[in-house]
Amino acid sequence: MEKRVLLAVALSGLVLVVWYALFAPAPPPPAAERPEPMTRAPAGAAVAAEEAGEKEAPAREMRPAVEAARAEVPGEAVLETDDFRVVVNGAGGVISSIVLKGYRDDEGNPLELVSGGGPWPLQMSAAGPWNDEGYVLTREGDELTLRWSDGEGNWVEKDVALGPGRFGLAVAVRGGGLAAGGGVVISSTGAPAGGKGGYFERLSALVRANGDMERIDAGKAKGGQRFTGLVEFAGVEDQYFLKVLLPEAGMDEVAVVDEGGGVAVVAQGKGAVVRGTLYTGPKAHDVLVGYGRGLDRTLSFGIFGVLSVGFLAALKWIYSWAGNWGVAIVVLTAALRVVLFPLTHKSTVAMRRMQKVQPKMKAIQDRYKERAKKDPQARTRMNQEVMALYKQEGVNPMGGCLPLLLQLPILWALYTLFAYAIELRQAPFALWITDLAQKDPTYVLPVLMTASMFLQQKLAPQSADPAQRRLFLMLPLIFGFMFMSFPAGLVLYWLVNNVLTIVQQVATERLLREAPVKG
């Protein structure tokens with residue numbers, strides 16, 4: 001029994017990485033070049049608009065035609081803070097650019113959140129002249145108003161202003177006639193912001209409605225998905241960034257539609273009004289918590305997210321005085337090994353005791369080997385003798401496994417933290433490691449990690465079963481192969497953890513030699 005338990009524990013760590021190796025999202029197609037802001041409504045959004053148009057439209061309010069030539073300011077206006085720069089375009093009345101100043105893309109340029117090719121934020125989802133013609137754009141301080149009307153009962157008004165928080169925009173869209181029938185594009189994405197997203201890359205729509213959050217990966221919203229009720233936020237995400245609307249008033253419906261390899265989110269407001277705060281920024285835990293509504297749940301830290309958040313806080317504190325995120329990972333790993341030393345020491349001692357009684361246990365099993373296969377009573381007597389041996393020798397067959405099982409939540413919390421913490425994005429460590437969120441381009445770290453796992457296996461208590469020994473020696477190769485594509489920060493953690501485990505194993509051996517295990 002103890003052999004099976006030990007095997008299960010050894011393979012538990014493998015499960016953590018095999019899941020992502022098998023089910024990691026496929027890379028998205030490359031982003032198309034950005035066209036001119038004047039675009040027609042995208043096909044998927046138009047479908048959503050046609051279905052939404054089946055609802056009873058509000059009575060037409062006749063307004064005089066508004067021509068772009070009457071604009072009091074040029075066709076573009078900029079809203080700017082220390083954190084972002086937003087371009088509002090009168091051509092189609094959309095947000096054509098959102099640049100985050102504190103983040104860089106793969107080429108080192110300020111990071112652009114609006115994907116080329118649209119659909120654009122604040123674009124009407126129903127196809128029509130309201131998306132192609134110019135809007136009159138007026139400005140009062142940091143508040144912009146865009147107006148369009150054809151004089152035949154179709155009209156649209158859009159307001160954009162600096163909103164709450166560091167990355168918030170206050171937006172409102174109102175429409176009449178056919179222009180009000182299809183809703184408003186909240187956000188869309190066709191490629192990760194800033195370029196390559198790495199092994200854990202993600203492109204998804206997010207909707208939290210009626211207290212539940214649903215994530216729809218790009219390419220999996222065929223035919224569209226609709227959400228009604230209390231919508232707390234809705235938008236799109238990639239691995240590190242969000243574009244989501246936190247509505248002020250009730251929403252009739254939120255639709256998620258596929259858009260050429262990406263995904264778009266369309267909002268239909270009550271009374272043909274969509275109003276709220278458009279958050280366009282990083283998935284930074286402290287920032288998201290400030291916005292409320294469970295926006296921090298968009299961080300993919302999983303079932304042990306509380307531990308991940310705690311470790312993130314510890315990493316930030318270490319970074320505040322170390323000044324290097326790689327050093328912070330090393331220090332945190334060492335601190336965890338110190339805290340967990342009593343558990344791991346107890347596990348090693350228990351496994352050594354099990355190793356000592358292996359010959360006696362094997363003798364019992366050999367004595368009943370043939371009879372136990374056919375006679376249930378003989379099998380029962382064999383198990384009773386094995387348990388009596390455990391009791392006589394003072395050995396707990398689970399003593400070496402339980403301490404390891406208690407560490408699995410910690411391992412999983414760290415695993416997800418290193419995969420999705422934006423703090424590690426483009427963070428250098430030393431020498432050739434210039435981005436802890438990307439794989440090691442030289443594969444030196446995975447090779448060192450594999451070698452450390454081999455040495456760790458050699459020093460660990462060996463199973464009496466030759467097949468199990470061979471399996472344990474194969475695990476470092478399996479891990480090393482998969483870790484070649486993992487973020488350098490995660491590989492660094494695993495390498496440091498292995499080295500410290502080896503040191504601990506050597507220390508435990510010395511302690512056991514000085515105070516031998518009593519038989």
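Just after helix α4, G323 takes a positive phi of about 75°. Helices (H or I, at least four residues) and strands (E, at least two) are DSSP runs, numbered from the N terminus. The model is predicted: local features need pLDDT of at least 70, side-chain atom pairs count only at pLDDT 80 or more, and totals for chains, interfaces and linings use all residues. Residues are numbered from 1 along each chain as its sequence is written, and side-chain values use heavy atoms, with hydrogens and water left out.

**Helix α4**

Helix α4 comprises 18 residues (residues 305-322) and should span 26 Å at 1.5 Å a residue; its end C-alpha atoms are 25 Å apart, which agrees. The expected span is 1.5 Å times one less than the number of residues in the helix. The buried residues of α4 are G305, S308, F311, L312, L315 and I318. Viewed down the axis of α4, these buried residues fall within an arc of 135°, so they line one face of the helix; the arc is that of the directions from the helix axis to the C-beta atoms. V306, W317, S320 and W321 are exposed on the other side of α4. Buried means under 20% relative accessible area, exposed over 50%, and partly exposed in between (1.4 Å probe, protein chains only). An α-helix has 3.6 residues a turn, so residues three or four places apart point the same way.

| Residue | Phi | Place |

Y443 counts as partly exposed because its relative accessibility is 30%.

**A nonpolar patch**

L431, W432, V444 and L448 make a nonpolar surface patch of about 390 Å². Patches are made of residues with over 30% relative accessible area and no salt bridge; like charges are joined within 9 Å, and nonpolar side chains (Val, Leu, Ile, Met, Phe, Trp, Tyr) within 5 Å. A salt bridge is a side-chain nitrogen of Lys or Arg within 4 Å of a carboxyl oxygen of Asp or Glu. L448 lies in helix α9 and, at 43% relative accessibility, counts as partly exposed.

**The chain as a whole**

The protein chain has 11 helices and 17 strands. Of its 519 residues, 51% are buried. Its accessible surface comes to about 23,700 Å², of which 59% belongs to carbon and sulfur atoms; accessible areas come from the Shrake-Rupley method with a 1.4 Å probe, and for residues only the protein chains shown count as cover.
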